[in-house]
Amino acid sequence: RGCVEAIASGPSIARIYASRGGEEGDAKEIAQRAHRGERLARSVYRKAGAALGAACAAWAQVANPQAIIAGGSLAESLDLLQPPLEHSLSQRAWSANLPLPIVKASLGGPAPLIGAAYFARQGISG
């Protein structure tokens, strides 16, 4: 409750969408509806993007990264998330941290799993 995962994860997008009267489905199906112009689906993705932007702004204040790399299943919907994410980020981050490019992970959706498997195989822990 109250964390970015509660708003901007695949299961949360599906839950929020259904709680607002939308048909049940997963985040990928809801993204397809948003691409077709469905207002509710677009609204849910806007809210998720804004939450991600707020989280990225907080992280940028601490880490001062050169870019934000989007991975995981939601990265497949970066085109929907990016405009509200960038707006939220620009409203919250220090101007010294901007502009901050947001790019999709080159390994695509399974990038976090590939990284976790790599670290597990190497015996590296967080």
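**Helix packing around α3**

Reader: At what angle do α3 and helix α4 pack?
Author: Helix α4 (residues 78–92) packs against α3 at about 40°, and the two axes lie 7 Å apart. Axes here are lines fitted to C-alpha atoms, for helices over the stretch in contact, with angles from 0 to 180 degrees between N-to-C directions. Helices are DSSP runs (H or I, at least four residues) numbered from the N terminus. This is a predicted model, in which local features need pLDDT of at least 70 and side-chain atom pairs pLDDT 80 or more, while totals for chains, interfaces and linings use all residues. Residues are numbered from 1 along each chain as its sequence is written, and side-chain values use heavy atoms, without hydrogens and water.

Reader: Which residues of α4 does α3 meet?
Author: They are Leu-80, Leu-81, Pro-84, Leu-85, Ser-88, Leu-89 and Arg-92. On the α3 side, the residues include Arg-42, Tyr-45, Ala-48, Gly-49, Gly-53 and Gln-61. Contact means heavy atoms within 4.5 Å.

Reader: How many residues of that α3 with α4 contact are charged?
Author: There are 3 charged residues, alongside 12 nonpolar and 4 polar.

Reader: Turning to α1, where does its axis run relative to helix α3?
Author: The axes of α1 (residues 10–19) and α3 (residues 39–63) come within 10 Å and cross at roughly 135°.

Reader: Which residues of α1 and α3 meet?
Author: Ile-13, Ile-16 and Tyr-17 of α1 meet Leu-40, Ala-41, Val-44, Tyr-45 and Ala-48 of α3. The contact of α1 with α3 comprises 8 nonpolar residues, with no polar and no charged ones. Nonpolar covers Ala, Val, Leu, Ile, Met, Phe, Trp, Tyr, Cys and Pro; charged covers Asp, Glu, Lys and Arg; the others, Gly among them, are polar.

Key: Helix = DSSP H or I, 4+ residues; strand = E, 2+ residues; numbered from the N terminus.
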